[in-house]
Amino acid sequence: NIDKKATEITSLNVVMISDAHIGISVRENAISKMVTLINQLNPDMVVFCGDIFDESTTKKLKEYSRDEFKNIKSKYGVYAITGNHDFMAGDLPDTISYFKDAGVKFLQDEWIKVDDSFYIVGLSDPGNRKVKGYEAKSLDEILNGVDKSLPIIELNHRPERLEEAEIEKVDLQLSGHAHTGQV
């Protein structure tokens, strides 16, 4: 339960996928099955919380995933963030393009207001920031312009920065990375 009003929305069925590592653990049949299972759950929203691809994901598997991800059905959309292995899946903008081509909204240190009712905030994984020369933004910077009286859902690949999320009035943080049952 979130103690904030989200206009007319009283509940939200969110399906989260994290650490699929398409290539190492998941191939074509499992990708298709994953999409079928997601749709059977009749989600209001679907979120990919990082490490969907990794260093073993071939271009062919990325293309197959893109084509399958187009079939995901949800009321409020499909969102994704980077995980540490997504940086190793080849050129990051190219990797992200497979999600975008599938209609997945990719959030990197940014937020989106959904149905004028709640926010989804996506944090970019810090895994390769030093290598990439990327300066980590504080959650305060990322949330600039957010109406904190509405519910805020944060997607953060790593189950970290919880105190910062609490200070910034984040209501729900969804994370993967730890491989403790989310696959």
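Let's start with helix H2, which spans residues 59-69 of this predicted model. Look for Leu61, Lys62, Ser65, Arg66, Glu68 and Phe69: each of these residues is buried. Seen around the helix axis, they cover an arc of only 165°, so they sit on the same side of H2. Now turn to the other side of the helix, where you will find Lys59 and Lys60 exposed.

What lies over the buried residues of H2? The cover includes helix H1 (28-40), strand S2 (45-49) and helix H3 (92-101).

Is Ser18 buried or exposed? Its relative accessible area is 1%, and because buried means under 20%, Ser18 counts as buried. The side chain of Ser18 has a polar atom 3.5 Å from the backbone oxygen of Cys49.

Now zoom out to the whole chain. You can count six helices and eight strands. Follow them from the N terminus and the order reads β-α-β-α-β-α-β-β-β-α-α-β-α-β.

How much of the chain is buried? The figure is 49% of its 183 residues.

Finally, consider which parts of the sequence meet. Take the contacts between residues at least 6 apart in sequence: 75% of these join residues at least 24 apart.

How values were computed
Residues are numbered from 1 along each chain as its sequence is written. This is a predicted model: local features need pLDDT of at least 70, side-chain atom pairs count only at pLDDT 80 or more; totals for chains, interfaces and linings use all residues. Side-chain values use heavy atoms; hydrogens and water are left out. Helices (H or I, at least four residues) and strands (E, at least two) are DSSP runs, numbered from the N terminus. Buried means under 20% relative accessible area, exposed over 50%, partly exposed in between (1.4 Å probe, protein chains only). Contact means heavy atoms within 4.5 Å. The arc is that of the directions from the helix axis to the C-beta atoms. A polar contact is a pair of N or O atoms within 3.5 Å; within protein, one must be able to donate a hydrogen and the other to accept it, and residues adjacent in sequence count only if both atoms are side-chain atoms.
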